[in-house]
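Welcome! Let's take a friendly walk through a protein and the molecule that sits with it.

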Amino acid sequence: MIAFLRPNCTLKDRADVIGRVEAAGLAVRIEQIDRREALALVGASAEALGTDLAEHPAVLEIKRLPVPYELVSRALQSERTTVHVGSVAIGGGAPPVVIAGPCSVETEAQVNTTAEAVAAAGAQLLRGGAFKPRTSPYSFQGLGHAGLELLAAAGRRVGLPTVTEVVASEDVELVAEKCDVLQIGARNMQNFRLLEAAGRAGRPVLLKRGMMSTIEELLLAAEYLLAAGNPDVILCERGIRTFEPTTRNTLDIAAIPVLQERTHLPVIADPSHACGVARLVAPLSRAALAAGADGLIVEVHPRPEEALSDGPQALLPEQFAALMACVPLAAACAR
Ligand code: PEP
Ligand code: MN
């Protein structure tokens, strides 16, 4: 809800309104909306507070936002958010950012070789899973803590910030200590306690769309992160499950411009998990950038046939370098 303030209200009345927002346990957010001063009332007690404030002398009108995801919506913030990771800017009109690396960190040599190759090709962030959310309990589950250390060391060696998935609330602190961006994967998009913990972690979060989640559910999952105090959230379209079995998932290209309309947060695409096969990664990457994605996250492996997870969709370093060469032109199509 939004409480528009009367432009000529007394300072005392204005202070009284702000005091009531604080007393209701809500953060005080004063915004300029349609060139008018407005107090954003966001939180569980907003509804009751809005009703109370409707007759207040400092309040011109109370308006309900047209969407339930208030903090991530453009209604409260029209300018786009730029998420900064080290010296890398993501979103907000910055040139597209490419995050690349193996699905899983497997060995020191594998992650270092991949890190060197993706850095040389121009990737701005290094990805690699240490805690893997696998469908089968018998599949490789990741190296855990050792994997985090190897990823962090590889990132330092090549000068790239790191992105890694966190699958459990109790690991958030440790992952936040070792890596620069916390990834919340498709399978955990609606793990609300994990979202709250990641929202408090003090690190940017890469939030992937659930394979069976709607755009609105993705935005509400992001709302959990912002409501927990984390403004640095990057959304990722990674394909949804449809009736089409040819590709692993179906990249929902329309979700990219729809998300760009609805939220100020950066939106990137994951062509690797969307299609599941290396030869389709480049065309999907170009399509996503042309549709307005702020970046890509791509899986790369020096020997895909030996990969312990997601080998069929991993690009070889030279395939990744060829993809990088297309990025500026594909992104230019979005302007
Ligand atoms: C991954 O990035 O390796 C991953 C498991 O992705 P998703 O959560 O999108 O399936
Ligand atoms: Mn993967």
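Start with helix α6 (residues 192-199) and helix α7 (residues 215-227): their axes cross at roughly 40 degrees and come within 7 Å. Keep in mind that you are looking at a predicted model.

## A second pair of helices

Now find helix α10 (residues 281-290) and helix α11 (residues 317-332). Here the packing angle is about 25 degrees, and the axes are 8 Å apart. That angle makes α10 roughly parallel to α11. As for handedness, α10 passes α11 in a right-handed crossing.

## The surroundings of ligand 1

Next, turn to ligand 1. The residues around it include Cys 103, Glu 165, Gln 183, Lys 208, His 273 and Glu 299. Sorted by class, this shell holds 7 charged, 3 polar and 2 nonpolar residues.

## Polar contacts and burial

Which side chains have an N or O atom 2.8 Å or 2.9 Å from an oxygen atom of ligand 1? For Arg 127 the distance is 2.8 Å, and for Lys 132 it is 2.9 Å. Taken alone, ligand 1 exposes 300 Å², and the protein buries 97% of that.

How values were computed. Residues numbered from 1 in each chain as written. Chains lettered and ligands numbered in written order. Predicted model: local features only at pLDDT ≥ 70, side-chain atom pairs only at ≥ 80, totals over all residues. Heavy atoms only, no water. Near = heavy atom within 4 Å. Polar contact = N/O pair within 3.5 Å; in protein donor to acceptor, adjacent residues only side chain to side chain. Areas by Shrake-Rupley, 256 points an atom, 1.4 Å probe, with all protein chains shown as cover. Nonpolar A, V, L, I, M, F, W, Y, C, P; charged D, E, K, R; others polar. Axes fitted to C-alpha atoms, helices over the stretch in contact; angles between N-to-C directions. Helix = DSSP H or I, 4+ residues; strand = E, 2+ residues; numbered from the N terminus. Parallel < 35°, antiparallel > 145°, perpendicular 65-115°, else oblique. Left-handed = near helix turned anticlockwise from the far one by under 90°.
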